[in-house]
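Please look at the sequence and the structure below before reading on.

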There are 2 protein chains.
Amino acid sequence: MPPRKATARAAGDDIFELIGRGENIREASAAMQAMAHPLRLKILCLIGNQEVSVLEIVDAVGTTQSNISQHLGVLRDHGILHSRKEANKVFYRVQDERILKMIALTREIFCST
Amino acid sequence: MPPRKATARAAGDDIFELIGRGENIREASAAMQAMAHPLRLKILCLIGNQEVSVLEIVDAVGTTQSNISQHLGVLRDHGILHSRKEANKVFYRVQDERILKMIALTREIFCST
DNA sequence: CTCGTGTATTAGTCAAGGCTAATATTGACC
DNA sequence: GGTCAATATTAGCCTTGACTAATACACGAG
């Protein structure tokens, strides 16, 4: 068995097992980047595991309806939110279970009294 | 006791208890935004709970030394990383325990085989 | 069909972030 | 002091992202 090149990579070897060929990093990074915006994070925390209409979100978050709609679009495009249309209204819920876990931990970490 | 206004805020009320007056949101958002960049997330996963030198990071991550240094600066300025200078080299470690938890969950969620 | 409500889309402007390349700093060794 | 290695900093350019304002679309009521 040929000896592996002994470089500074030694410390990173287990990383490359855990993290993979950058795919996981990219996916996680994309999800976090989508969550990281203050308004979007607020939206996600507001929704939680419920199903919330756009109007409720607009009222609770406090910015333009257009702005909210755009942020919802970002979250939807990232596969984070799912939208259901009922008559006039549109209801959003968190589609990605992983995001729910992240939200839960974020609350636990940053919102502990 | 005066009745609380029954508006669309109803669904958000527990949110405002959990999330607070936006302070927590801002803090969490800032931390996530700092973590969310692909290279920075890679750096954080690489460091984990160890103490790693800049050179090791540069070798493992694979970009310019300048670029790495700038990203390390961002993470340090956010209080996420702590740097220790030893002679010529600088070693970084994760300072914020909350970030370690986030990294752990991120790995668990996005890197499960 | 038209009107009002709820939501989405578009265009335009502005600020922020990331990368490169070059240069500066720091410390060890001779 | 001079030089090399490790790290940090700066300036400049370019891309991306966020907000506003206006407009468009969808749907139910009448």
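## The sheet of chain A

In this predicted model, three strands of chain A form an open sheet in the order β1-β3-β2, and their pairing is antiparallel. Strands here are DSSP runs of E with at least two residues, helices are runs of H or I with at least four, and both are numbered from the N terminus, while two strands pair if DSSP finds at least two bridges between them. Because β1 (52-53) and β2 (81-86) of chain A stand at the edges with a single partner strand each, one side of each is left without a neighbour in the sheet. β1(A) and β3(A) pair over two bridges in the antiparallel sense, and A:S53 stands opposite A:F91 in β3(A).

Local features are described where pLDDT is at least 70, and side-chain atom pairs count only at pLDDT 80 or more, whereas totals for chains, interfaces and linings use all residues. Residues are numbered from 1 along each chain as its sequence is written, and chains are lettered from A and ligands numbered from 1 in the order in which they are written.

## Strand pairs in chain B

In chain B, β1 (residues 52-53) pairs with β3 (residues 89-94) in the antiparallel sense over two bridges, and β2 (residues 81-86) pairs with β3(B), also in the antiparallel sense, over six bridges. Facing B:F91 in β3(B) are B:S53 and B:R84. The hairpin of β2(B) and β3(B) has two residues between the strands, and there B:A87 takes a positive phi near 55°.

## Helix α4 of chain A

Within α4(A), the residues A:E56, A:I57 and A:A60 are buried, a term that requires 20 or more other C-beta atoms, placed from the backbone, within 10 Å of the residue's own. They lie on the same side of α4(A), because they cover an arc of only 100° around the axis, the arc being that of the directions from the helix axis to the C-beta atoms. Just after α4(A), A:G62 takes a positive phi of about 85°.

## Surroundings of DNA strand C

DNA strand C is surrounded by 22 residues, and the closest are A:V54, A:L55, A:S66, A:K89 and B:A87; a residue counts as near if its C-beta atom, placed from the backbone, lies within 6 Å. Elements that give two or more residues to this surface are α4 (54-61), α5 (65-77) and β3 (89-94) of chain A, together with α5 (65-77) of chain B. The largest share, six residues, comes from α5(A).

Notes:
Buried ≥ 20, exposed ≤ 12 C-beta atoms within 10 Å, placed from the backbone.
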